[in-house]
Structure formats: structure tokens, C-alpha cells
Amino acid sequence: MNVTIREAAMTKDEVNGYVGKVVFEVEGHDAAYEMALQSDKGREWSYSLMFAGSSGSEEQIDAVDAEIESNDELYERLIDAAVEAMEQA
């Protein structure tokens, strides 16, 4: 799956821990995606995947979610993009 990251951001505070997002596109897909991230201590992450902007195909978003779940390299790349954005801010 060929993924291009378009935007990444993250903040850290005492109440919510780390909260971030990554907006990305997948080659051949009609819509962009947004991955919302949260971690209390920056080690174990929860995420939610949604369309960024307009809705797209349910089959395509399900395929992206399955790829994120099974592809550790992609998962870490998306998280790293948000963490790097926080460090540069």
C-alpha cells in the first residue's frame, strides 16, 4: 500500500497525554484519511481511522484499517510522523 503523509500534528498535556493526528492519502483511493492518535505515556497507542474531509468507499477504508493493523512498519511510520511534528513545533 503506497501511503503519502500530507499533515501530522501532536500535543502533550497532563490530562490527555499525547494526542495527535496524521492525514494521509493512499494511492488509488478516492478519499484521504485521518488517523487520530492517543497515548497516555507515548508507548502504547490507540487510534481511530476516519475519512479526512469527504467520505469515500467503505471497502477502501476497511482495507486501510486492516493494513494498519497488520503492517507494523506503516503503523509506526504514521505514529512517528505525528511525534516528529510535535518535536519540531
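Figure 1. Axes are lines fitted to C-alpha atoms, for helices over the stretch in contact, and angles run from 0 to 180 degrees between N-to-C directions. The model is predicted: local features need pLDDT of at least 70 and side-chain atom pairs count only at pLDDT 80 or more, while totals for chains, interfaces and linings use all residues. Residues are numbered from 1 along each chain as its sequence is written, and side-chain values use heavy atoms, with hydrogens and water left out. Helices (H or I, at least four residues) and strands (E, at least two) are DSSP runs, numbered from the N terminus. Helix α1 (residues 58-70) packs against helix α2 (residues 72-88) at an angle of about 95°, the axes being 5 Å apart. Helix α1 is therefore roughly perpendicular to α2 (65 to 115 degrees; angles under 35 degrees count as roughly parallel, over 145 as roughly antiparallel and the rest as oblique). Glu67, Ile68 and Ser70 of α1 meet Asp72, Leu74, Tyr75 and Leu78 of α2, contact meaning heavy atoms within 4.5 Å. By class, this contact has 4 nonpolar, 1 polar and 2 charged residues (Ala, Val, Leu, Ile, Met, Phe, Trp, Tyr, Cys and Pro count as nonpolar, Asp, Glu, Lys and Arg as charged, and the others, Gly among them, as polar).

**Figure 2. The largest nonpolar core.** A nonpolar core is a set of buried Ala, Val, Leu, Ile, Met, Phe, Trp, Tyr and Cys residues joined through side-chain atoms within 4.5 Å. Buried means under 20% relative accessible area, exposed over 50%, and partly exposed in between (1.4 Å probe, protein chains only). The largest core has 20 residues, and those with the most contacts inside it are Phe24, Tyr33, Leu37, Leu49, Ile68 and Leu78. At least two residues of this core come from each of β1, β2, β3, β4, α1 and α2. Beyond its neighbours within four places in sequence, Ile68 contacts Phe24, Met35, Tyr47, Leu49, Leu74, Tyr75 and Leu78.

**Figure 3. Aromatic residues around Phe24 and Tyr33.** The structure holds 4 aromatic pairs; rings of Phe, Tyr and Trp (its six-membered ring) pair if their centres lie within 6.5 Å, and planes under 30 degrees apart count as stacked, over 60 as edge-to-face and the rest as tilted. The ring centres of Phe24 and Tyr33 are 5.8 Å apart and their planes lie at 35°, so this pair is tilted. Both Phe24 and Tyr33 are buried, and together with Phe51 they form one aromatic cluster.

**Figure 4. Surroundings of Gln60.** Gln60 belongs to helix α1 and is buried, with a relative accessible area of 17%. Residues up to four places away in sequence aside, Gln60 touches Gly28, His29, Asp30 and Tyr33.

Figure 5. Lys12 is placed in strand β1 and counts as exposed at 54% relative accessibility. Apart from neighbours within four places in sequence, Lys12 is in contact with Gly17, Tyr18 and Met86. Lys12 and Lys41 are 29 residues apart along the chain, with 9.4 Å between their C-alpha atoms. Val15, in the loop between β1 (3-13) and β2 (17-26), is exposed at 75% relative accessibility. Gly42, in the loop between β3 (32-39) and β4 (46-52), is partly exposed, with a relative accessible area of 30%. From C-alpha to C-alpha, Gly42 and Val83 are 9.0 Å apart in space and 41 residues apart in sequence.
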